Amino acid sequence: MSAAPTAIYLDHQATTPVDPRVLDAMMPWFSETFGNAHSEQHAWGRQAAEAVEDARAKVGALIGADAREIVFTSGATESNNLAIKGAVRFALRHGRGKHIITVATEHKCVLESCEAMTEEGADVTVLDVDGEGFVDPAAIADAIREDTVLVSVMAVNNEIGVIQPLAEIGAFCRANGVLLHTDAAQAAGKIAIDVNAMAIDLLSISGHKMYAPKGIGALYVRRRPRARLLAEISGGGQERGFRSGTLPVPLTVALGEAAFIAQSEVDREGERLVSLRKAMITRLQDHLGEIAVNGSMDQRVPGNLNVGFTAVDAEALMADLPELAISTGSACTSASVEPSYVLKALGLDDAAAGASVRIGFGRFTTRAEVDAAADMIIEAIENHRSGNSARAAE
Ligand SMILES: *Cc1c(COP(=O)(O)O)cnc(C)c1O
């Protein structure tokens, strides 16, 4: 088995490259048409404002929302902070409740935002998931109290790709007058999402997870029935007062174009990614025997695979594969050697979690890359199992 001639990037849940079509669309807005979208008195400003509104409509269309319900932010971290802190602070201030329900496998920025609100008087319930990674909608219904303000459940998990049953959860929340927020950073543009069909009130999007640049994102804020939030950033009152500050016009144009492309290609691209993933699993299994897939294979975003290899340390495996970009979990926590809290929430022990890798396929991933990457992994694991890896030889 020969090593791949060039490096291969299979870490598309950490970030994606900017699509060349997105880059083309955003470039003129840096220096040719550079107006401030809030300077409505002259043509420069009006032209920029039109581009921003066009982008806002495209982002809205991706999730079945009205353009007026889209608030541009710097990314999903900011959107999640604004949704959670904004909704809970509004409720606390107006005596409308103080209880938040979320899930153990959420992204750190959701868990930490909820935790931060306890210092301001909120109560947080963190629900467990089952062995496949699902939260039980009935458990959410049971956890809803008189003073529950907000339920925050991610659409797709960033480590295991599992798709949560949002429509069912949304119906419970709506019936109980509780807001539903979803972190859709890994879902928007990857699977069909409709904020009305799913009764979602607040939804977070990240540009750099969907082939737009880093530093742009959006928060969907429902108008009817109205989701009420306190703003985090004070200033000129842009973005309907939810997020002051001059809009980065090129980045908003980029997010709009990325949303438009993703929406038009989602079905075809989903099928392509599923077949790439299948090819990877088959090739690994043919050489290594049964491999353990972490999380549901049935309700899973097409571009994600998370697998455990018995008796192989994932960190050591990755150290042996400098040409291959895969990951041992979420990039945000990879500085620590702690096993993934997401995998542990599924019931994996430290050894099984520590033997697992996330493989993320993307828009520009080819079948040849998948085959080459599989061969690299197979070779490294066979070396590990026979005890002659680079690490073992040290
Ligand atoms: C990447 C990611 C975030 C953070 O998004 P940024 O735009 O990088 O701030 C939040 N939640 C999930 C599920 C993510 O995958």
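Proline 225 lies in the loop that runs between β8 (217-221) and α8, and in this predicted model the peptide bond joining arginine 224 to proline 225 is cis, with omega at about -10 degrees.

**Backbone in the loops**

- The cis peptide bond described above is the one between arginine 224 and proline 225, and proline 225 belongs to the loop between β8 and α8.
- Another loop, the one between β6 (179-183) and β7 (202-206), contains alanine 199, whose phi is near 55 degrees, a positive value in a residue other than glycine.

- Seven strands make up an open sheet with mixed pairing, and their order is β2-β8-β7-β6-β5-β3-β4.
- The edges of this sheet are taken by β2 (70-73) and β4 (123-127), each of which has a single partner strand, so one side of each is left without a neighbour in the sheet.
- From one strand to the next, the twist averages 20 degrees.
- Helix α7 (residues 166-175) lies across β5 and β6, and it runs at about 155 degrees to β6.

**Helix α8 and its packing against α3**

- Helix α3 (residues 43-62) and helix α8 (residues 249-288) pack with their axes 8 Å apart and at an angle of about 35 degrees, in a crossing that is left-handed.
- On the α3 side, the residues in contact include Ala48, Ala51, Val52 and Ala55, while those of α8 include Val249, Val253, Leu255 and Phe260; by class, the contact has twelve nonpolar, three polar and two charged residues.
- Between its end C-alpha atoms α8 spans only 49 Å, whereas a straight helix of 40 residues would span 58 Å at 1.5 Å a residue.
- A kink of about 65 degrees is present in α8, and this kink is centred on valine 266.
- After α8 comes glycine 289, which has a positive phi near 80 degrees.

**The three-stranded sheet**

- A further open sheet is formed by three strands in the order β9-β10-β12, and its pairing is antiparallel.
- Here β9 (292-293) and β12 (356-360) stand at the edges with a single partner strand each, so one side of each is left without a neighbour in the sheet.
- Two bridges connect β9 with strand β10 (residues 304-308) in the antiparallel sense, and valine 293 has valine 307 in β10 as its bridge partner.

Definitions and conventions: Residues numbered from 1 in each chain as written. Predicted model: local features only at pLDDT ≥ 70, side-chain atom pairs only at ≥ 80, totals over all residues. Heavy atoms only, no water. Axes fitted to C-alpha atoms, helices over the stretch in contact; angles between N-to-C directions. Helix = DSSP H or I, 4+ residues; strand = E, 2+ residues; numbered from the N terminus. Left-handed = near helix turned anticlockwise from the far one by under 90°. Contact = heavy atoms within 4.5 Å. Nonpolar A, V, L, I, M, F, W, Y, C, P; charged D, E, K, R; others polar. Expected span 1.5 Å × (residues − 1). Bend = angle between axes of the 7 residues up to and from the residue. Pairing = 2+ DSSP bridges.
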